There are 2 protein chains.
Amino acid sequence: MTTSSLWLRFQKYFLRYEELGFCVDISRMNFPDAFFSGMQHKADNAFAAMRELEAGAIANPDEKRMVGHYWLRNAKLAPNEELRREIEKTNQRIKQFAADVHTGKIAPEQGAKFEHILLIGIGGSALGPQFVADALGSERDAMDIYFLDNTDPDGFDRVFRKIDNQLQQTLVIVTSKSGGTKETRNGMLETEAQFNQCGLPFNKHAVAVTGVGSDLDRHAEKNGWVARFPMWDWVGGRTSVMSAVGLMPMALQGLKIDNFLRGAAVMDERTRVADISQNAAMLLALMWYYAGEGRGQKDMVVLPYKDRLLLFSRYLQQLVMESLGKEKDLDGNVVHQGIAVYGNKGSTDQHAYVQQLRDGVLNFRESITVSMPDVDAFNVGALIALYERAVGFYGSLVNINAYHQPGVEAGKKAATKLLQLQTKVRTQLASEPKTAEAIARAVDADAEDVFHVLQHLASNDAQIVAQPAEDPGADKFSIRN
Amino acid sequence: MTTSSLWLRFQKYFLRYEELGFCVDISRMNFPDAFFSGMQHKADNAFAAMRELEAGAIANPDEKRMVGHYWLRNAKLAPNEELRREIEKTNQRIKQFAADVHTGKIAPEQGAKFEHILLIGIGGSALGPQFVADALGSERDAMDIYFLDNTDPDGFDRVFRKIDNQLQQTLVIVTSKSGGTKETRNGMLETEAQFNQCGLPFNKHAVAVTGVGSDLDRHAEKNGWVARFPMWDWVGGRTSVMSAVGLMPMALQGLKIDNFLRGAAVMDERTRVADISQNAAMLLALMWYYAGEGRGQKDMVVLPYKDRLLLFSRYLQQLVMESLGKEKDLDGNVVHQGIAVYGNKGSTDQHAYVQQLRDGVLNFRESITVSMPDVDAFNVGALIALYERAVGFYGSLVNINAYHQPGVEAGKKAATKLLQLQTKVRTQLASEPKTAEAIARAVDADAEDVFHVLQHLASNDAQIVAQPAEDPGADKFSIRN
């Protein structure tokens, strides 16, 4: 393409939301002019599916749930009065709670104010709050925030060492939609132990964000925690940043949650328009479709040029991959859909992996440029809304359920099974050394699984001893008396 | 495959370096038994190429350079006495310098000790130090460390706000191999301005790590900086963490650089053995080859299960993608090689994108498990050495130069050209508004480039005004008098 035809193409395919200052430039995606008309039918279906979703349809059929994250920033859209009130009431409670913490009306028993937040959560319960805290935080925040977002004991200790002498001024938010996530429960128990060790009453420092009636919710109620805020089954973890999951820590940090919600609501409005050429979210979805031929054949590389957007690529990785990485389509056909997403930050990445993007294997897409006028609460809200809707549209274009996560659920079940095996294996250990195979026979389990469990136990429990041999099959394991 | 045959396969393909406690399990890669014998010839060539490289051959033919990062941890291997002495002397100077800073022998003019490090660098000059600082750092470190690793003014300000009141106790390390990297120079100038503003003499706080005789080196000499440490042209940025680039900040932080180097040296020794089945680095390279059919057809997803290894995936992304992402092979054929790498950290990722890995698009590899006994200086050194050599071997397997980065150089040139265009465009601005096309004609440049430059200027310079129109081609730009 000649330079001047590129300039013409740019003018044709540069979409600008004037009043928002948001721009999306798709002119460097080399789709043919007929592409949009060829996709019109699929796009119309996606617009229709989104309208139904927003109106309260069971848009997540596998889990028989509504999908309501768009209502969170515009409660008037909620399909009934009860939900509308619930959203409004919760947002009101969040603001009041944060205000009370800031003024010291809600304060630690030992006096002084809460100054620090420790958020315990994983996946959808951590990535959104982390992204927003990093994108919008500053030295002037009302409170600072720490995260336990994994299940690594050494990682826990690192965080505790950072806040140990401030534990008395620390408010802990435990976030788990199901209320039963193992990693989050580990983090909570370790934190509670840490408070006990310092002679502080954990329950007077703890807030739960969880489904009403979940294990965590009942635990918090029974133990007299400071507060409980609801997660709803119609909000997925990866789109929960505008529910209490994200708003609660934001409000405590002193960030402008109303602006954040308004930015999202305005972007929702602009991307609700059923006109491809004026709909930035549909343009993104169509470009992803074009680049990967609707089968995710290209990786999506995200290069944000502002330091504050460093975690956006990680946030997007979850949003896109968890939503779109699916085995079956809505008709039950095996399709193995998805789009791989990676990236860190602009200039830094240019000095790292852009070598490969320029010269190397051709497994990523041509470029789209998204620009926004500022990294503030309003615009970050708008950015999130743009990509949430693009992902939803893309799910419709390729006919999958973008709102469940059977693979994560299966992974949780596998982890539970392994923990059960670990308990069984431990009871088989004696002072006399045994091989993995012998123990596997005794507990009727797979020898390799048992070997890994034994290795893990030997690395983490001083009582358990491994005697390596030439070959792992001959390794022996015992327990000290 | 049945469970018991998996257990047999595990025993066959589980490699353990007993004295190191390092294990590599490739049994879940479903290569056929004949794979290794089929690859024997290519592997032998790779072993031979690596022997020549380590002996001082011009292993980077495009840049006509030796490739000597293996000598950094075992100076006796250096191909001549002069290099050997240079390496040993530099390591000695680094340790002495750090000791002098810790005791206060080298101290700020205004009294007290240096307590903080600010490292300015990008790409290879930042990722290694960042990874190591995060993996090995603790609250007990001798000094803490901050980074300017991008060129975002707001990002600079965020770091300055964190260390502003400690600037007097801050030692600045400016790291650039070429000594002319634009982002690093920006960071240096901004930092110098910050020191001036606080009435502190920047030169008495600044250390250079750069090629001898580079612009930065001469600048540092002329201005009487505290110290200068060399980078050598036979060490690439992405493998420079065991040169002054990585060792200098590590030593200041109080980390054990001798252990770090020894871990790498021991791993080098084990992976120098020309026996596929006993060589962990060759096993990794062969598995990458197997998974992507020697053409990078699968992505490499890295899930480290320790919080301390969070940045390892980013480090590896640079090491692998910059080394292997190449347009041409060593014979000049266009091959577009490379392997895409991404990942964050274990459990967290299971709750994010593992949904796609389990169910979605089949564009990543089967699994390899690498385990190490601890995350300490010795083992992190060993881990880096393992992957450095695996990348080198893979480069040989696919017949590319793994040691240059023409795409990065081309990117730097393009950036320079755009900066020149920016200067020209600015001179064309007048109080009377003009379109991008009009200015482009005047400076004989591409209209789209000029449009982007104008947008950039209008966003960052209060004097320059953009008047958006219906269409970007009709936007007008002017400068205030």
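This is a predicted model: local features need pLDDT of at least 70, side-chain atom pairs count only at pLDDT 80 or more; totals for chains, interfaces and linings use all residues.
View 1. Helix H15 of chain A, residues 406–428, provides 6 residues, the largest share of the side of chain A that touches chain B. Between the two chains there are also 12 salt bridges, and one of them is formed by the side chains of A:Arg16 and B:Asp475, with N and O 2.6 Å apart.

View 2. Chain A brings 90 residues to the contact and chain B brings 90 residues, and together the two chains bury about 7700 Å², of which 48% is on carbon and sulfur atoms. On the side of chain A, the residues A:Trp7, A:His351 and A:Gln355 supply 10% of the area that this chain buries against chain B, which is more than any other three residues supply.

**View 3. A:Arg28 reaches across to B:Glu448.** Side chains of opposite charge can pair when their charged atoms come close. A salt bridge links A:Arg28 with B:Glu448, and the closest N and O atoms of this pair are 3.1 Å apart. The pair crosses between chains, since A:Arg28 belongs to the loop between strand E2 (22–25) and H2 of chain A, while B:Glu448 belongs to helix H17 (residues 447–460) of chain B. A:Arg28 has 34% relative accessibility and therefore counts as partly exposed, whereas B:Glu448, at 2% relative accessibility, counts as buried.

**View 4. A:Lys345 and B:Asp149 form a salt bridge between two loops.** The side chains of A:Lys345 and B:Asp149 meet with N and O 2.8 Å apart. A:Lys345 is found in the loop between strand E9 (341–342) and helix H12 (346–350) of chain A, and B:Asp149 in the loop between strand E4 (144–148) and helix H5 (153–163) of chain B, which makes this another pair that crosses between chains. Both A:Lys345 and B:Asp149 are buried.

**View 5. Salt bridges that share partners build a network in chain A.** Over all chains the structure holds 50 salt bridges. Some of them share partners and join A:Glu54, A:Arg73, A:Asp268, A:Arg272, A:Glu388 and A:Arg389 into one network.

**View 6. A:Phe31 and A:Phe36 form a stacked pair.** The structure holds 53 aromatic pairs over all chains. In one of these pairs, the rings of A:Phe31 and A:Phe36 have their centres 5.2 Å apart and their planes at 25°, and the pair is therefore stacked. Both A:Phe31 and A:Phe36 are buried, and the charged end of A:Arg9 sits over the ring of A:Phe31, 4.5 Å from its centre.

**View 7. A:Trp71 and A:Trp234 form a tilted pair.** With ring centres 5.2 Å apart and planes at 45°, A:Trp71 and A:Trp234 count as tilted. A:Trp71 lies in the loop between helix H2 (35–54) and helix H3 (81–103) of chain A, and A:Trp234 in the loop between strand E7 (227–231) and helix H8 (244–253) of chain A, so this pair ties together parts that are 163 residues apart in sequence. A:Trp71 and A:Trp234 are both buried.

Definitions and conventions:
Residues are numbered from 1 along each chain as its sequence is written. Chains are lettered from A and ligands numbered from 1 in the order in which they are written. Side-chain values use heavy atoms; hydrogens and water are left out. Rings of Phe, Tyr and Trp (its six-membered ring) pair if their centres lie within 6.5 Å; planes under 30 degrees apart count as stacked, over 60 as edge-to-face and the rest as tilted. Buried means under 20% relative accessible area, exposed over 50%, partly exposed in between (1.4 Å probe, protein chains only). Helices (H or I, at least four residues) and strands (E, at least two) are DSSP runs, numbered from the N terminus. A charge sits over a ring if NZ of Lys or CZ of Arg is within 6 Å of the ring centre and within 35 degrees of the ring normal. Contact means heavy atoms within 4.5 Å. Buried area is the accessible area (1.4 Å probe) that two parts lose on being put together, summed over both. A salt bridge is a side-chain nitrogen of Lys or Arg within 4 Å of a carboxyl oxygen of Asp or Glu.
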